[in-house]
Amino acid sequence: QTVEHGFPHQPSALGYSPNLQLLAIGTRSGAIKLYGAPGVEFMGLHDENAAVTQIHFLPHQGELITLLDDNSLHMWTLRAHQGLSELLEVGRFTLTGPPGAPPSVTRVTAVLAHSSGELLFLGTEGGHVFVVEVPGFRELEERNISVEAVQQRVPEDYMGRRNLECVEALQENPLNPHQILIGYSRGLMLTWDLDTNCSRHHFLGTQQLESVWWTPDGQQILSSHSDGSYCQWTLGDEDRQAEPDKHEMPYGTFPCKAISKIMQLSTKQGPPFLIFSGGMPRASYGDRHCISVIHSKTHVALDFTSRIIDYFATTSGAQGKGEPSALVVLVEEELVVVDLETEGWPVIQTPYLAPLHCSAITCSHHVSNIPLKLWERIRAAGQHQSAHYSRKPWPVKGGQNLAPDAPQRDLLLTGHEDGTVRFWDASGVCLYPLYKLSTAGVFHADADTTDNMNHGAEGEWPPFRKVGCFDPYSDDPRLGIQKIHLCKYSGYLAVAGTAGQIVVLELNDEPAEQLVEGTLADLLQGQEGFRWKGHTRLEVREEAVAFPAGFQPFALVQCQPPAVVTSLALHSEWKLVAFGTSHGFGLYDYQQKNTVLVRCTLNPSDQLALEGPLSRVKSIKKSLRQSFRRIRRSRVSVRKHHVGNAAKLQEINARLEAEALQEMELAPVQRKIEARSSDDSFTGLVRTLYFADSFLSDGSHNSPSLWAGTNGGSVFAYTLRLPPSDRRMEDPITAYPAKEIQLMHRAPVVGIVVLDGRGAPLPEPLEVAHDLARSPDMHNAHHLLVISEEQFKMFTLPKVSSKLKLKLTALDGSRVRKVGVASFGSSRVEDYSESGLVVLTNQGDLHVISLPSLKMQVRYPCVRREDVSGIASCVFTKYGQGFYLISPSEFERFSLSARWLVEPRCLVELPPTPSSSASKPLPRAQPDGAAVQHRNFRRDRENCEENVGSSPRVMEHALLNDESE
């Protein structure tokens with residue numbers, strides 16, 4: 001497992017280092033991920049399966065502190081090892097209170113990493129502030145600020161009978177590191193002098209405090225409150241300030257939601273930026289997730305589609321100095337960056353952390369080694385779509401990406417529930433969005449209103465503006481993409497959907513308006529007694545539709561009944577597309593736009609296949625009926641075979657026991673494969689389709705052919721007769737049934753491969769014509785490899801006689817879930833490679849099987865066996881890599897090839913410590929034993945580093961706790 005692509009699942013905390021220019025994201029499952037310049041990525045995982053609630057970088061250092069919801073603090077460091085940086089956990093600490101104290105006394109609610117880089121201030125639920133020395137995690141009891149010490153200096157009439165409640169905020173004076181600001185939940189704020197250990201100023205707020213902000217000039221403090229207001233206080237000569245200088249309710253006098261965070265960013269010329277989250281009128285817009293940005297006369301409420309986790313602002317200068325340049329917002333489902341320097345505040349496109357799940361992913365397809373011309377055409381089409389993004393560079397640019405340039409251009413295509421197909425650059429560490437294709441325009445669907453919502457109406461208050469692309473709601477679930485097939489040589493693309501629609505598209509560099517003709521393919525072929533109970537088909541537009549530059553549809557096939565398309569194959573040289581559903585398969589000529597072949601594979605007992613995916617639950621009556629039939633059958637068979645003679649009965653029992661013992665002894669070596677009943681549901685479902693130019697009729701004449709494999713263990717082969725190229729548009733293509741194979745164990749057929757005379761898989765269409773593959777050997781005999789869920793079986797062609805088999809289920813009880821043909825290149829010899837089968841089983845194991853000998857080569861555990869959706873989402877590349885979903889928004893990438901390896905290789909150089917007053921050590925008593933503790937801690941860290949170096953700990957991806965909160 002090499003790298004994770006996409007957006008972290010269920011993020012819970014955000015941190016940023018202006019010095020290192022790195023951002024950190026923590027998740028609810030205990031993962032921590034650091035990102036800098038594109039390609040600079042680090043990942044760590046806490047041993048505790050607890051949510052990360054806060055992340056704080058230590059100033060001017062390569063260290064950061066994480067706080068988990070189990071109240072433990074953890075220290076992580078970026079350390080160089082063999083020229084590359086790695087993220088290591090180097091310490092952990094849990095605050096302990098006096099004996100008998102309630103847990104609230106030490107429950108950490110606020111953390112301040114002091115600019116000296118040597119102290120942590122920890123505010124707690126009980127109102128205390130504890131001071132902890134880092135990196136040793138040693139509590140400095142003499143420096144602690146107790147709630148009693150604070151209460152003594154506050155007027156009695158203000159305190160009343162209530163306590164101060166928890167510490168809500170801690171901030172350092174931007175100009176004087178010897179002063180900190182403490183904010184209590186009740187509303188009290190005070191500045192505390194660290195030299196004299198006493199309070200200087202008291203701000204007697206009356207509303208519940210949410211957050212504070214100390215302005216960069218050190219003169220003013222902003223506080224935000226639970227009633228949707230914010231206050232501005234000035235640090236003057238007075239010890240106590242009962243009223244703020246300014247008290248604002250940005251969104252009116254009606255009850256508003258809390259302003260959870262506020263910041264004010266000064267500019268050299270003109271007014272400052274005021275940025276705050278929340279504060280919306282509770283009754284009208286209480287469900288909105290908004291951040292308001294106010295600058296001069298411009299006021300915008302950025303409206304996000306998911307909950308806001310946290311945000312920060314970047315500046316144009318180094319180390320947090322200079323003009324505000326961008327606002328970086330982490331919401332629950334995406335990262336949004338707003339350009340504050342360009343007029344209109346456009347969004348900057350993210351080079352990583354893309355929300356793959358902006359509409360739920362329904363399928364994926366990988367294409368390796370894309371020709372440069374096609375790549376540039378796709379990129380050009382995508383650039384038209386991204387014209388609304390800011391042209392400013394990505395603001396988070398820490399670290400150096402030392403990974404070599406990608407050796408080839410790879411595409412990952414994801415199909416989505418809303419009928420879109422997204423094209424991603426999967427060549428390197430960053431999964432970068434290239435282009436988005438929508439198929440919804442071909443059909444009559446509900447009007448898409450999102451474009452109208454992007455900008456609020458003129459004069460609307462609050463002034464909303466939609467930002468972000470996460471939109472999980474699909475207008476019509478029938479639009480969902482189920483299968484994708486792209487030919488990289490011709491630029492033809494076929495996509496198939498949930499309601500039996502197959503759309504064929506071609507790449508066009510210019511916008512065009514055209515009519516998409518639909519062809520109906522009746523897969524039931526008029527069979528009596530079948531009635532479709534699922535969804536209706538999508539209505540195709542009968543008028544010409546305007547399509548932007550990019551992939552444009554020109555042909556459409558509609559299966560009847562409109563069931564989910566379960567398999568798809570495209571042959572761009574023959575201009576054919578094959579499709580299969582749970583009812584049968586068909587072949588469509590997209591040059592002449594007519595159907596060549598339709599074959600029904602439905603078994604008379606396949607009634608369930610007619611209920612459709614949207615009526616997933618079988619009727620209770622039917623289940624009961626089947627159960628009673630089963631019981632009745634078993635009783636009848638017992639009656640038929642009843643033997644009156646007791647001696648005979650004993651003899652049979654003895655024989656059965658002996659057989660059982662024998663089977664038990666053989667169990668580790670081989671298990672018996674049980675033949676499946678032909679009345680199992682969905683036996684006619686077409687699992688795989690394959691085009692091949694091989695020998696079907698006799699051993700001397702090769703011809704084009706189509707192969708189909710079903711869920712019931714059947715394989716159908718058809719010979720195709722193609723007219724000569726000069727008559728291609730006039731003469732029809734014809735298909736004749738040539739072979740039919742029924743596997744004895746009736747296991748679903750998941751793959752079909754034809755091997756040439758050298759035992760190599762046949763090349764892809766047009767691959768030989770582009771001089772990218774060797775011509776197949778047509779002199780020696782070809783072989784057919786049929787891969788079922790339970791075994792691999794080799795047949796000779798054209799006789800189709802069994803030659804070789806490899807049993808998988810019989811050996812270890814696992815079943816094949818995904819299979820692909822991969823070319824494994826040598827890491828030492830440039831031109832040498834071998835072909836093999838890559839298999840993922842239901843146990844989550846990866847197997848590599850040699851071709852044509854069918855020998856098991858290697859086996860690696862990859863996916864957890866409980867992760868059914870992860871196994872189902874796996875897609876293999878042509879060169880021994882693969883992707884699978886570890887969450888709805890993240891792909892894990894893995895490699896079985898030593899030659900093709902994509903992984904982060906990066907270095908973060910620590911900036912020199914500035915010689916300002918902020919970096920000078922604070923005066924403090926140095927008790928005996930402190931130096932010893934430091935030395936011990938340093939030794940512990942060295943031991944930790946040695947252990948890590950000797951046995952590198954593999955960071956598995958974080959697994960989410962399924963416990964409900």
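1. Start with Arg859 and Asp845: in this predicted model, their side chains meet in a salt bridge, 2.8 Å from N to O. The pair ties together distant parts of the chain, with Arg859 in strand β59 and Asp845 in strand β58, 14 residues apart. Asp845 counts as buried, since its relative accessibility of 11% is under 20%. Arg859, at 49%, is partly exposed.

2. Now try Arg599 and Glu740, another salt bridge, where the closest N and O atoms are 3.6 Å apart. Arg599 belongs to strand β47 and Glu740 to strand β51, and 141 residues separate them. Is Glu740 buried or exposed? Glu740 is exposed, at 56% relative accessibility, while Arg599 is partly exposed at 21%.

3. Glu89 and Arg92 make a salt bridge too, with 3.0 Å between the closest N and O atoms. Glu89 is buried at 12%, but Arg92 is partly exposed at 43%. Both sit in a salt-bridge network that also takes in Asp47 and Glu48. The count for the model comes to 26 salt bridges.

4. On to the sheets. One is open, with four antiparallel strands in the order β18-β19-β20-β22. β18 and β22 are the edges, each with a single partner strand, so one side of each has no neighbour in the sheet. Neighbouring strands here are turned by 15° against each other on average, ignoring direction. β20 and β22 pair over three bridges, and Gln232 stands opposite Lys246 in β22.

5. Another open sheet has five strands, β14-β15-β16-β17-β21, with mixed pairing. Its edge strands are β14 and β21. β17 and β21 run parallel, paired over two bridges, and His202 stands opposite Arg240 in β21.

Key
Residues are numbered from 1 along each chain as its sequence is written. This is a predicted model: local features need pLDDT of at least 70, side-chain atom pairs count only at pLDDT 80 or more; totals for chains, interfaces and linings use all residues. Side-chain values use heavy atoms; hydrogens and water are left out. Two strands pair if DSSP finds at least two bridges between them. Axes are lines fitted to C-alpha atoms, for helices over the stretch in contact, and angles run from 0 to 180 degrees between N-to-C directions. A salt bridge is a side-chain nitrogen of Lys or Arg within 4 Å of a carboxyl oxygen of Asp or Glu. Buried means under 20% relative accessible area, exposed over 50%, partly exposed in between (1.4 Å probe, protein chains only).
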